[in-house]
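Here's a quick briefing to read with the model open beside you.

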Amino acid sequence: MAGAGTSRLPAKRPATLAAGPYGHPVHPALVTIPIGCWVASFVFDVVSRFSSMPVLFAEGSHWLIGIGLVGAVVAAAVGLLDFLVIPGRTRVYRLAVLHMSLNLVVIVLYIVNFFIRGNPLGPVGWGQLILSAVGLSLLGGSGYLGGELAYRYGVRVAAESTQASGFATGGSGDESPKRDQEKGE
C-alpha cells in the first residue's frame with residue numbers, strides 16, 4: 001500500500017479541527033465519560049442489592065446512566081468525524097463500522113435502561129442489572145475494537161516518523177506534527 005507508515009494516510013488526519021488536532025484526537029478522551037459512568041452505575045446496581053440504603057444507590061446509578069448517555073452522544077459525534085476519513089473497502093473501515101455499530105447498540109441499551117428505571121423504590125431489579133451487564137460486555141468488546149483501530153492500525157495516531165523522533169537520543173525529540181505537515185509527510 002502506497003504511503004503506508006506515513007502520515008499521508010487519511011485515517012491519521014482529522015476530518016476537522018473539532019476531531020482534535022493531528023496526533024491528539026478527542027474521541028479517546030471523551031469515551032472515558034460513558035465508560036466511567038456506566039461501570040460506576042453497574043457497581044451502584046450491585047451495591048443497591050446488598051445495601052441498607054438501596055434507593056440511594058439505585059438513584060445514583062440512574063443519574064450515572066444519564067450522564068453516560070450525554071457523554072456517549074458527544075463521543076460518538078466526534079468519533080464519526082474520525083470515521084469519515086477512513087478509506088472505504090478496507091479492513092480498518094469494516095472494523096470501524098463494527099466498532100460504531102456496537103457502540104450504537106450499547107447506547108440504545110442504556111437509553112432503554114435509563115427509561116425503565118423511573119423512580120426507584122428499592123434495589124435495582126434483576127432485569128435492569130442484566131441489561132447493564134450486557135451493555136458493559138458489548139462496550140468492552142467495542143473498546144477492544146477501538147484499541148485495534150488505534151494501536152494496531154494507527155487510526156488517528158501520529159506518523160511513525162513522529163513517534164520515532166520522541167525516542168531519538170541527543171535531539172530535542174520535538175518533531176511536531178506541524179513540521180510533518182510542512183514536510184508533506
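A quick word on burial before anything else: a residue is called buried under 20% relative accessible area, exposed over 50%, and partly exposed in between, using a 1.4 Å probe and protein chains only. What you're looking at is a predicted model, where local features need a pLDDT of at least 70, side-chain atom pairs count only at pLDDT 80 or more, and totals for chains, interfaces and linings use all residues. Residues are numbered from 1 along each chain as its sequence is written, and side-chain values use heavy atoms, with hydrogens and water left out.

**Overall picture**

- The secondary structure comes to seven helices and zero strands, where helices (H or I, at least four residues) and strands (E, at least two) are DSSP runs numbered from the N terminus.
- Going from the N terminus on, the elements simply read α-α-α-α-α-α-α.
- pLDDT, the predictor's confidence in each residue on a scale from 0 to 100, averages 89 for the protein, and 88% of the residues score at least 70.
- Over residues 1-5 the pLDDT is below 50, and this stretch has four contacts in the model beyond near neighbours in sequence; a contact means heavy atoms within 4.5 Å.
- Of the contacts with a separation of 6 or more, 73% are between residues 24 or more positions apart.
- The protein has 185 residues, and 37% of them are buried.
- Its accessible surface is about 10300 Å², with 70% of that belonging to carbon and sulfur atoms; areas come from the Shrake-Rupley method with a 1.4 Å probe, and for residues only the protein chains shown count as cover.

**Nonpolar cores**

- A nonpolar core here is a set of buried Ala, Val, Leu, Ile, Met, Phe, Trp, Tyr and Cys residues joined through side-chain atoms within 4.5 Å.
- The largest one has 10 residues, among them Cys37, Trp38, Leu64, Ile107 and Leu139.
- Helices α2 (32-50), α3 (54-83) and α4 (91-117) each supply at least two residues of this core, and the largest share, four residues, comes from α3.
- Leaving aside residues up to four places away in sequence, Cys37 touches Leu64, Ile67 and Gly68.
- There's also a second, separate core of nine residues, including Ala11, Val92, Leu95 and Ala96.

**On the surface**

- Ile35, Val39, Val43 and Val47 make a nonpolar surface patch of about 270 Å². Patches are built from residues with over 30% relative accessible area and no salt bridge, joining like charges within 9 Å and nonpolar side chains (Val, Leu, Ile, Met, Phe, Trp, Tyr) within 5 Å.
- Val47, one of the patch residues, is found in helix α2.
- Gly143 is in helix α5 and counts as partly exposed because its relative accessibility is 42%.
- Gly143 and Asn103 are 40 residues apart in sequence, with their C-alpha atoms 8.9 Å apart in space.

**Two arginines with positive phi**

- Arg89 has a phi near 60°, a positive value in a residue other than glycine. It's in the loop between α3 and α4, and its 82% relative accessibility is why it counts as exposed.
- Arg156 also isn't a glycine, yet its phi is positive at about 60°. You'll find Arg156 in the loop between α5 (126-152) and α6 (160-165), and it's buried, with a relative accessible area of 3%.

**Salt bridges**

- Side chains of opposite charge can pair when their charged atoms come close. The rule used is a side-chain nitrogen of Lys or Arg within 4 Å of a carboxyl oxygen of Asp or Glu, and the count comes to four salt bridges.
- Asp82 pairs with Arg156, the closest N and O atoms being 2.7 Å apart. This links distant parts of the chain, with Asp82 in helix α3 and Arg156 in the loop between α5 and α6, 74 residues apart.
- Glu160 forms a salt bridge with Lys12, where the closest N and O atoms are 4.0 Å apart. Glu160 lies in helix α6 and Lys12 in the segment before α1 (27-30), so the pair ties together parts 148 residues apart in sequence.
- Within that pair, Glu160 counts as partly exposed at 38% relative accessibility, whereas Lys12 is buried at 3% relative accessible area.
- Arg152 and Glu148 meet in a salt bridge at 3.3 Å, N to O; they are four residues apart in helix α5, so about one helical turn separates them.
- Arg152 counts as exposed at 54% relative accessibility, while Glu148 is buried, with a relative accessible area of 17%.
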